[in-house]
Amino acid sequence: MTVPTNPLLHYNPYEAKHQLDLSLTKAYLLLHSQLKPPFPLTIPSPSEYALLTQALAFSLLTQPDLTKINLKHLHASVTDGYDIFTTTLLNLTDNCYPKLLPVPRTQLLFLCSQLINVAAFKVDSLVISLLRRINGGDFTEPNLWLCAELAKILSDNWDWLIDEPLVLTSALFVFLRLLADHYRLVSGPQLDELKRLEISFCIRVLRNCFHLCLGIGRDLIRLLQDLFVIPEFKELWKDLICDPCKFGVLGFSDLCDIYRIKTPRHYFLLRISQEMEAQLRFLLTHVKWGNQQRYQVWFAKKYLSLPGSETVIVDVIRFICQCYHPSKEIIQSSVISRWAVIGWLLKSCKRNYFEANAKLALFYDWLFFNDTIDSIMDIEPAMLLIVSSVPQYMEITHCLLEFLFLVVDNYDVQRKNVIAKGVLGAFNALVKRGVVHSLEVLMNCDKLSPFLREKLSKFLFDKALVSQEKEIIQMQSGDHQDQIAGMPEQAHQWL
């Protein structure tokens, strides 16, 4: 039996082969003689069809010179809307993409565009999986190539894309986030073309499909604020603030309409690779206090060691706050807490710009907190990091409180009152739900600067804000009981 001359994955010495690679190779070895014309006219059984599809997938990925013949065979034999074929590529992307060799990677992107053309079953999931494979903070050529190829594929398949709202908004979220990083890099022909593609795609989506973009929620504004220096986005911001009716969306007349929409978890997962998600979940589910340092060192070496890679810290913090809410059992166990991991991540920021963005990522849901739609677990890590740093790490407590009040005063001056109400509501909910017993640990702390203690006291007992907060609570309690009942359980008696 002849071994395929073109391998699918890269392996280190003594590394076992991946099961998917083994099964695809086996299918190809069994059927490679049947992949050339003339093709059999008999209808295969379900098991034979699955084996044939896997064999074709392997050949298409590893033998680009036979692409035309293999595609004809695939199209002629398909009986399931390309389900098995697309699922094979999806599993490969989810589980093996970092190990894919250059030729299979190129072929994978080509096959993705072909599957879009035939509206294959699950091709939307394949595109979203590939979007997750664009690593934040990675400015190497293969990563920039993947970003550019996906931008081209989606731009070239606009008619398909506008009928897939989740893919469209997912791509917008990813490219907005990446563009902020790419725009800061030193210009070059390849990078300039990529930035042009990203800007063109994002502006096209925002201008033509803003009603769908609203589904991203408040984090859309967080991403757009980083792009204000780009001329095309300056014009967009001018319309958002001065002429919102220009977008033609019923119900959108002010930025507050976006602030009120909580960003679904799906979007935060897009900026965390499949492997990073698994490793973060392991750290936060199984690693106990006292054992975390070696895991953190390993994580930093793998994901935070390249120049500029600290930008991904923002995405990791959003993931931890929004996507990982520990169970009551884990909260009460000796497993390391979310706030401690976030404290370590903040210390890992080497430049002020990244540190400021990381803090904003931590506090962002405080600014627009609404007890009826936001989970207490979204805002819990920041509160516990502030309180748990007293008195041993007071510089952290100082730094976070100073930043929080700075954001309240300056994030959106025209809507400062809305943000202040959100932050006050967050403080009140954290005490009400028992995340902290009270805020006296801060207001009575001698090691906290007098200025911050006075600022905190004035903020918490501002009569106008407190009155408005009570009115909101009374109004919401009657209208949203079903939403409150569906909220996740929050941490019990941490301190």
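K122 sits in the loop between α5 (102–117) and α6 (123–132). Its phi is positive, about 70°, although K122 is not a glycine. K122 counts as partly exposed because its relative accessible area is 31%; buried means under 20%, exposed over 50%, and partly exposed in between (1.4 Å probe, protein chains only). This is a predicted model, in which local features need pLDDT of at least 70, side-chain atom pairs count only at pLDDT 80 or more, and totals for chains, interfaces and linings use all residues. Residues are numbered from 1 along each chain as its sequence is written, and side-chain values use heavy atoms, with hydrogens and water left out.

**Confidence**

- The mean pLDDT of the protein is 91, and 92% of its residues reach 70 or more. pLDDT is the predictor's confidence in each residue, from 0 to 100.
- Residues 472–495 stay under 50 in pLDDT. The model has 41 contacts beyond four places in sequence for this stretch; contact means heavy atoms within 4.5 Å.
- Where pLDDT is low, the predicted coordinates should not be read in detail.

**Overall build**

- The protein has 28 helices and 0 strands. Helices (H or I, at least four residues) and strands (E, at least two) are DSSP runs, numbered from the N terminus.
- For 495 residues, a compact globule would have a radius of gyration near 23 Å; the protein has 25 Å, which agrees. The radius is taken over C-alpha atoms, and the globule rule is 2.2 Å times the number of residues to the power 0.38.
- Along the principal axes, the C-alpha atoms fill a box of roughly 85 × 55 × 50 Å.
- Of the 495 residues, 53% are buried.
- Among contacts with a separation of 6 or more, 75% join residues 24 or more positions apart.
- The accessible surface comes to about 22,700 Å², and carbon and sulfur atoms hold 57% of that. Areas come from the Shrake-Rupley method with a 1.4 Å probe; for residues, only the protein chains shown count as cover.

**Annotated domain**

- UniProt, in an unreviewed entry, places the feature "domain: Integrator complex subunit 3 N-terminal" at residues 48–457. UniProt positions are given in the numbering used here, feature names are shortened, and annotations may be inferred rather than shown by experiment.
- That span is 69% helix and 0% strand, and its end C-alpha atoms lie 72 Å apart.

**Helix α10**

- Helix α10 covers residues 189–208. At 1.5 Å a residue, its 20 residues should span 28 Å, and its end C-alpha atoms are 28 Å apart, which agrees. The expected span is 1.5 Å times one less than the number of residues.
- Buried residues of α10 include L191, L194, K195, E198 and F201.
- The buried residues of α10 pack against helices including α7 (141–156), α9 (165–182) and α13 (231–242).

**N357**

- N357 is found in helix α21 (residues 352–367).
- N357 counts as buried because its relative accessibility is 16%.
- Apart from neighbours within four places in sequence, N357 is in contact with D226 and V314.

**Backbone points to check**

- P37 and P38 are joined by a cis peptide bond, with omega about 0°. P38 lies in the loop between α1 (19–31) and α2 (46–62).
- The bond from V390 to P391 is also cis, with omega near -5°. P391 is in the loop between α22 (376–388) and α23 (394–410).
- Y14, a residue other than glycine, has a positive phi near 70°. Y14 is in the segment before α1 and is exposed, with a relative accessible area of 88%.
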